[in-house]
Amino acid sequence: MSFVLAIVQYKTAIIFYSLIFLIVYLNRKKFDVHAKFIYLYRTKIGIKLMGLASKKASRLIKFLGHAGVVIGFIGMILIFAMILLLTYKLILNEPGAGGASPVIPGLPIAGTDLVFPLITGWIVLFIIIVVHEFSHGIVASAYKIKIKNSGMAFFGPILGAFVEPDEKILAKQKDWVQYSVFAAGAFSNFLTVIFVLLAASIILNPIASAISISTGVIVYSQPGLPAEKADILNNTIITEINGKNTNTIKDFRNAMKDIGPNRNIALKSDDKIYSVTTTENPDDISQGYLGVWIMGERSELRNENILNQILLNILNWFRQMFGWLAFLSLNIGLINLLPIFITDGARMLKVFFERIIPNKDKSISVWLLVNWVALFSLLILVFLPFFRWLATIFAV
């Protein structure tokens with residue numbers, strides 16, 4: 001894709017972010033500026049609500065805060081190990097090894113043609129940000145730690161949010177209390193995933209099933225893998241694999257279950273049959289791998305009428321939004337636990353090292369080492385695939 005074509009294709013997103021940048025710049029005197037590109041706008045919005053919520057359910061909040069500490073440290077270990085393993089595989093260029101990518105509404109995810117929807121994306125990010133930051137505030141309030149400010153943060157044109165507890169009071173609290181406050185954001189993101197999955201399975205999916213039937217699985221091809229090599233385009237509807245119907249995602253996975261690597265199989269869409277040679281599944285080398293992302297199911301109405309069509313469109317939008325919400329809540333929660341200086345995971349780890357390593361200089365040195373390793377690994381995962389994608393954008 002040429003640079004000019006990229007500008008034309010993503011002009012709405014470019015205009016949107018340009019307007020945000022312009023608005024922030026014109027009102028820059030109302031912001032506190034850090035590192036020349038981080039703009040903080042402090043308010044008192046939500047502080048009273050945090051305090052009220054903490055009073056109404058103080059015991060429950062403290063219990064969830066303690067659970068969040070356990071989950072937080074487990075998540076920190078898992079994401080750190082995962083990042084190191086992925087970096088190792090990417091450096092060695094192992095088959096199926098992929099990187100990480102920033103996910104920005106309205107723009108494609110680097111290394112793919114998958115676009116994070118602009119409006120839906122910002123609704124999803126707004127929910128995640130509010131839940132994450134509100135959780136920090138409500139747990140801090142439950143322990144009588146004063147919340148000084150809430151507010152919005154802009155990293156260039158990218159929106160964020162923050163809650164500022166009184167750091168002096170927080171630092172004097174017991175370790176477990178500090179862990180609870182720091183872990184609250186990520187833990188709330190994980191709870192959001194559970195809520196979304198339950199809501200989809202209990203409410204959205206049954207309603208959708210009552211008025212529609214699934215008639216195929218929507219797939220996107222991963223770069224350089226068998227599906228793309230077989231010319232399977234993004235948004236292709238797969239209806240059969242080796243003669244077996246794949247009306248639903250469950251059907252699709254069942255059809256692939258007994259197919260090993262290096263097998264030539266037939267994938268059928270509405271108007272074409274694709275011949276694909278599977279490769280090894282990176283998670284299980286005994287299983288065949290197509291190299292596709294499953295994006296959902298195609299739905300067709302049982303009874304065609306305008307009301308059912310409107311309802312189905314609404315349900316499909318919510319299902320798409322919930323899919324992104326679950327995916328990003330999980331990943332943002334985990335990344336926030338990765339110790340990279342400014343994250344909640346880094347703050348938890350700092351308190352932990354200060355307690356187990358009596359010598360303050362040594363504890364800081366160990367903490368810095370872990371942070372630099374995590375940051376360097378993450379940069380490799382982000383920028384190596386990103387530069388490859390960028391090269392395709394500027395290619396004529």
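Me: Where do the charges sit, on average? How far apart are the mean positions of the positive and negative ones?
Reply: In this predicted model, the mean positions of the 36 positive and 24 negative charges of the chain are separated by 14 Å. Lys and Arg count as positive, Asp and Glu as negative, while His and the chain ends are not counted. Each charge is placed at NZ of Lys, CZ of Arg, CG of Asp or CD of Glu.

Me: What should I know about the model and the numbering?
Reply: Residues are numbered from 1 along each chain as its sequence is written, and side-chain values use heavy atoms, with hydrogens and water left out. As the model is predicted, local features need pLDDT of at least 70 and side-chain atom pairs count only at pLDDT 80 or more, whereas totals for chains, interfaces and linings use all residues.

Me: How many helices and strands does the chain have?
Reply: The chain has twelve helices and 13 strands. Helices (H or I, at least four residues) and strands (E, at least two) are DSSP runs, numbered from the N terminus.

Me: What share of the residues is buried?
Reply: Of the 396 residues, 42% are buried. Buried means under 20% relative accessible area, exposed over 50%, and partly exposed in between (1.4 Å probe, protein chains only).

Me: And contacts between residues at least 6 apart in sequence, what share joins residues at least 24 apart?
Reply: That share is 68%. A contact means heavy atoms within 4.5 Å.

Me: Switching to α9. Which of its residues are buried?
Reply: In helix α9 (residues 249–257), the buried residues are F252, A255 and M256. Seen down the axis of α9, they fall within an arc of 95°, so they line one face of the helix. That arc is the one of the directions from the helix axis to the C-beta atoms.

Me: What is on the face turned away from the buried side?
Reply: That face of α9 carries the exposed residues K250 and R253.

Me: Where is W176, and what does it touch?
Reply: W176 lies in helix α7 (residues 175–211). Not counting residues up to four places away in sequence, W176 touches H66 and V69. W176 is partly exposed, with a relative accessible area of 39%. W176 and M348 are 172 residues apart in sequence, and their C-alpha atoms are 9.7 Å apart in space.

Me: And L311, what is it in contact with?
Reply: Leaving aside neighbours within four places in sequence, L311 is in contact with I207 and I211. L311 itself is in helix α10 (residues 306–337).
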